[in-house]
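Please read the following note alongside the sequence and the model.

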Amino acid sequence: MFREAIILTVGGLLPIMNPFSTAPLFIGLTAGMDRRARNRQALLACIYAFGILVVFLLLGSAIIEFFRISVPGLRTAGGLIMAIIGFRMLFATTMVPAGAQPQPQEVDIAFTPLAMPSLAGPGSISVVLTAAPQIRTMNSDDRGMVVVGVILGMVLTLIFCLLVLRAASSMVRYLGQSGIDAMTRIFGFLIVCIGMQFLLTGISDFFGLPRS
């Protein structure tokens, strides 16, 4: 039971979390940071994502019922956030005054948009919300073991995500400023598309429309 919980959690979360799709966003938003700051943002993003998923595993059903939030609503909100971030990247200004030195960005992007909605997004939260009621139906002896297995599966998944993000950050030094500017706009456009797809999927799920 313990091993199955770990395997099912990793198998369910990893394809949906998909750190490879978060890597372009991470590269674009951390282009002005040094290596230490980028690695710190990646670590914090994974820690925040873990905290979000654990909270929804333990308290998610109560939170959703109290605020009357649906999974399509979460997906739509996540899509809006990603689209806004993508637009900012797509139309980013890189001009600096003459004689001025560009300063590294100090903005904390670990929680939003990296942890939520990229890593712990609507899809990942829905997986956890689906598992929570099934765990509560088990007897008390198995329940604790399964909860620990699910949490350990989350840890393993996010360790893999951290490794992917740290590897992606090493690309920055090879691209140069002009390469980073170009990649930021390309990735910004892709993130706008992903965000709009999240938005449209959430709307279609809410109204029960067939997906194309």
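**Note on helix packing, burial and surface**

1. Helices H3 and H5 cross in a right-handed manner. A crossing is called right-handed if the near helix is turned clockwise from the far one by less than a right angle, and left-handed if anticlockwise. Helix H3 covers residues 35-67, and its axis lies 9 Å from that of H5, at an angle of about 50°. The two helices are therefore oblique to each other. Here, angles under 35 degrees count as roughly parallel, over 145 as roughly antiparallel, 65 to 115 as roughly perpendicular, and the rest as oblique. Axes are lines fitted to C-alpha atoms, for helices over the stretch in contact, and angles run from 0 to 180 degrees between N-to-C directions.

2. The model is predicted: local features need pLDDT of at least 70, side-chain atom pairs count only at pLDDT 80 or more, and totals for chains, interfaces and linings use all residues. Residues are numbered from 1 along each chain as its sequence is written, and side-chain values use heavy atoms, with hydrogens and water left out.

3. The protein contains 8 helices and 0 strands. Read from the N terminus, its elements run α-α-α-α-α-α-α-α. Helices (H or I, at least four residues) and strands (E, at least two) are DSSP runs, numbered from the N terminus.

4. Helix H5 also packs against helix H4. Helix H4 spans residues 71-90 and helix H5 residues 110-119; their axes are 10 Å apart, at an angle of about 135°. That angle makes H4 oblique to H5. The crossing of H4 past H5 is left-handed.

5. How much of H5 is buried? Of its 10 residues, 7 are buried, so H5 is largely enclosed by the rest of the structure. Buried means under 20% relative accessible area, exposed over 50%, and partly exposed in between (1.4 Å probe, protein chains only). The buried residues of H5 are Ala 110, Pro 113, Leu 114, Ala 115, Pro 117, Ser 118 and Leu 119.

6. Two peptide bonds deserve attention. Most peptide bonds are trans. The bond from Thr 112 to Pro 113, however, is cis, with omega near 10°, and Pro 113 is placed in helix H5. Met 116 and Pro 117 are likewise joined by a cis peptide bond, with omega about 15°; Pro 117 is also found in helix H5.

7. In helix H2 (residues 19-29), 9 of the 11 residues are buried, and the helix is mostly covered. Among these buried residues are Pro 19, Phe 26 and Gly 28. Over the protein, buried residues make up 43% of the 212 residues.

8. Ile 85 belongs to helix H4. With a relative accessible area of 12%, Ile 85 is buried. Ile 85 and Ile 191 are 106 residues apart in sequence, but their C-alpha atoms are 7.7 Å apart in space.

9. The surface carries a nonpolar patch of about 750 Å², made by Met 1, Phe 2, Met 145, Val 148, Leu 152, Val 155, Leu 156, Ile 159 and Leu 163. Patches are made of residues with over 30% relative accessible area and no salt bridge, joining like charges within 9 Å and nonpolar side chains (Val, Leu, Ile, Met, Phe, Trp, Tyr) within 5 Å. A salt bridge is a side-chain nitrogen of Lys or Arg within 4 Å of a carboxyl oxygen of Asp or Glu. Helix H7 (residues 140-169) supplies the largest share of the patch, 7 residues. Leu 152 lies in H7, and its relative accessible area of 33% makes Leu 152 partly exposed.

Notes:
Areas by Shrake-Rupley, 256 points an atom, 1.4 Å probe, with all protein chains shown as cover.
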